[in-house]
Structure formats: C-alpha cells, structure tokens
Amino acid sequence: MNFEQRYKELNKNQRKAVDTIEGPLLVVAGPGSGKTEILSLRVGKILKETQILPSNILCLTFTESATVNMRKRLAGLIGQEAYRVAIHTFHSFCVEIIQKYPEYFYSGALYSPADELTQVQIIQDIFENLPNRNPLKVLHPEEGFVYLRDVLRTIANLKKAGIEPDEFNRIIKHNEELLLEINEIIQSTFDEKIGKEIFAKIDKALNKLHKIAEKSTKNFPSPYFNNISFSIYTSLKKSYDEALEKEKTSPITAWKTKWIKKDDDGKNLFKDFVNIEKLYAVSDIYTKYRQVMHEKSYYDFDDMILDCLNTLEKNPSLKYEIQEQYQYILVDEFQDTNEAQMRLLKIITNAEVNEGKPNIMAVGDDDQAVYKFQGAELSNILNFKNTFKDVEIVTMTDNYRSTQDILDIASHIIKKGEERLEKLLPEIEKNLISSNPKILKGNIKHKEFQTV
C-alpha cells in the first residue's frame, strides 16, 4: 500500500500529526492508536514536501526491535530510501557519533564495552583501596562490601541523569549548605510532639522554605535539576495540604518519618544531611571509577550517552555539524526518556536558525511509562511546552486493538493517578475510544468486567 492510500485511512488527529512537519510537535498517543504508522507516514510526508535528504531525518526509540519494526514499516512506504533514514536507539545513535568522529572521543583511542562483571571488578578494586575511615568501606564476612552494589547503581543513575562526578560534587556541596539552613527551620517546627498546633508552625516553615528555594535557584550548580530545597518544600506542602483537607495530622507524621531522623544528640535532622558524608564518598568513587574506566579503555552502556553529551557540549564545531545533519527529529516512546537523553535532544535541536522552534516530533503517553526504573522522566513530556516555542499538541485516543469495555475499565483505573497529563496540560483529553471496526460490529460484551 503506497503513501496516498495509507494516508487516506488516517483519522483526523492522526492526519494532523502527520501533516504538522514544521516546528515542535507533541503527540500524546494511547495504546493501539497507530503510533508507528503516523511516525512512518510523517517521514514520508517530510520527504514528499521538502527538499531534504532521507539522511537528514533522525528517528529515535528505545529498543532494537522497535527500530527494526519502524524500518520495515517505512520500507513498505517509501522503498529503499527507508534505509537511508537514520533510525536508532539513543545508545546506538551515540555509538554512531563516537565511531564517525573518533577524533573527538577518547583521544582517538579504541574503547571496548565493559560487561557487568568488569564493572563490578573495577569498583571492587576501588573499594579495597579506600581508607578504613571511609563511611562506605563496610565489609561483610560473607557478602563482601555492603555498599558496593548500591554505589554501582547510584553511578548508573547519575549517568542516566547526565551528571558527571564534578557536577555531582558541586550539587552535594550546594545541598549541604542549604540543609544547614533548613535544619534550623525543621528543628523549631518539630521540636515538640505533633499536635493541632503543628499547622501554624508548618505554615510559617513553608514561607521560609519557599524563600530559600527561590533564592538558592539562582546559584544552583546544575541548570537541569531542582535543588533539594524545592523537593523539601513541595513534599511538605503536599503533606500539609492533605492534612488540612483531612483535618488530621497523620500526613504530616508520615512526612516526618520519611524525611527526618534524630542525630546522636537527639536533634531532628534531614536524613539527606546525615548521609552527606556518604554522598561525598560516592562522588569520590564515581570520579575514580571514571578514571579507571578510561585508563583501561573501557566504556559501559550509560557512558555512550554521557560521553557523547559532554563531547557535544564542549565542542561547538561537532555540535553544529550534528545539528546541520539532522534537520527533522522524531522520538518514539518519549515518556521513557531520561534526563541525559533529553539533554542530548536539546543539544541537537538548539541551533540558532531554529529560533527555539526545531522540527521535532515527540510521541509519548504517561500511561505507558515502563522505563521509570531506569531513570525515565515523565516531566520531560510536561516540560516539552516550556522547552520549545509554539508547540503543537495532538492527542490520539482512537484505539484499534481493544473493545470499548476494556478501554473504559483501563481508563477508570489509570485516571486515579495524580500526575497524569490531562490533569496537568489542559489541551489534552485522553478518553480512550475503540475504533476497531471488527470489534465494534461484533458488539462484544464482557460480563466479568461490568462490576468494576
């Protein structure tokens, strides 16, 4: 089936997503709504209506199977030109940049991927050489170093967030200074057993915390992350509002249990402050780990994106070349992007000629965020409107797989989530509608679902 035939079969919103090829576009697409089809047709539309080459189009997704599926679908649409379109996972895209421009990476040396066993061995050697006074050098007679796996996991999470060791160290220092100031507020607020008088104390504390959060933002060492004062303020405000609504102090007690502990002198302190020394130790190990990996000519899975990100930031000539190469960008499963991947997208789309309105299409759905455990940031969808100018938003709710009964139940369950897109972006309406003609004709009823 050619482009024109497949294009005619699109519904109104699908067609709008395909037709909007200029400027930033956010497509909120539910399951079974034809995401792969509109991505493929949009590539066809770009090639049909512009003068750019297939190699100037970049499609990014999260699994190799998804890239194969997209390539196959595109080949059926535009033929051999589909093999000239850059279709990658984020990691394979970064590997291609590293291989294509080796002079910018690792001083031109050839690096090899480090498997998990190699990574653990490097960390193990670092732990063995730590001074005995190091708070992380805790050895179990049978299990080995108690904090080793936690440190390795933390390093992986930092890389997914795009944070290098020196930046991590600056963030710790900044937060340490904030916590010293915030601890005084907390100690005076929770100096007695929680009772009804706590509401007035917290109201006063929130005013002070808000001022600290606003002031500290101006000199926070990372432009990509909120400082800890914002996290403390927003979480306490949420618990406070819930307590007022319920006319109970239990939400405030739960907040105190989560965030605060007593020190050896019996004073209330934030748990994060108590752990500052360990965080500095993690930062030192992270620094050493990166050094050893480079000395041994190794990189791990997360290094691919982090190294590519940092190299593009430090080498404008390379950044300009990548920006010139990829003039149209399409991102599938956008809800699964982590902060490092989002920073990479910003770098390759912020060319001056774009004037904040690059030709980027992001397709995602908060109800399908499956990579959250790998550092994915739903806020990337929410911030898309703030990241780019004049963003078009298209919502695709027609489902071509399921019966309406099933979709009604799915909507009933998932709409209970507080941080859903239609609650935060008024342009979005996500009532799922079954559009499968075979299912609709059959008028299928599922009695087992009707009591939900």
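Mentor: Let's go through the cores and then some helix packing.

Mentor: This is a predicted model, so to speak: local features need pLDDT of at least 70, side-chain atom pairs count only at pLDDT 80 or more, and totals for chains, interfaces and linings use all residues. Residues are numbered from 1 along each chain as its sequence is written, and side-chain values use heavy atoms, with hydrogens and water left out.

Trainee: OK. How many residues has the largest nonpolar core?

Mentor: It has 54, and those with the most contacts inside it are Phe 127, Phe 190, Ile 232 and Trp 255. A nonpolar core here is a set of buried Ala, Val, Leu, Ile, Met, Phe, Trp, Tyr and Cys residues joined through side-chain atoms within 4.5 Å. Buried means under 20% relative accessible area, exposed over 50%, and partly exposed in between, with a 1.4 Å probe and protein chains only.

Trainee: And what does Phe 127 touch, leaving aside neighbours within four places in sequence?

Mentor: Leu 136, Lys 137, Phe 145, Tyr 147, Leu 148, Val 151 and Ile 285. Contact means heavy atoms within 4.5 Å. There is also a second, separate core of 41 residues, which includes Ala 86, Phe 334, Ile 347 and Ile 360.

Trainee: Switching to helices: at what angle do helix 14 and helix 16 pack?

Mentor: About 30°, with the axes of helix 14 (residues 303-314) and helix 16 (residues 339-349) 10 Å apart. That's why helix 14 counts as roughly parallel to helix 16. The cut-offs are under 35 degrees for roughly parallel, over 145 for roughly antiparallel, 65 to 115 for roughly perpendicular, and oblique for the rest. Axes are lines fitted to C-alpha atoms, for helices over the stretch in contact, and angles run from 0 to 180 degrees between N-to-C directions. Helices (H or I, at least four residues) and strands (E, at least two) are DSSP runs, numbered from the N terminus.

Trainee: Which classes of residue make that contact of helix 14 with helix 16?

Mentor: There are 7 nonpolar, 1 polar and 2 charged residues. Ala, Val, Leu, Ile, Met, Phe, Trp, Tyr, Cys and Pro count as nonpolar, Asp, Glu, Lys and Arg as charged, and the others, Gly among them, as polar.

Trainee: What about helix 5 and helix 14?

Mentor: Their axes come within 9 Å and cross at roughly 55°, which makes helix 5 oblique to helix 14. Phe 90, His 91, Cys 94, Val 95, Ile 97 and Ile 98 in helix 5 meet Met 304, Ile 305 and Cys 308 in helix 14.

Trainee: Which residues are buried in helix 5?

Mentor: Phe 90, His 91, Phe 93, Cys 94, Val 95, Ile 97 and Ile 98.
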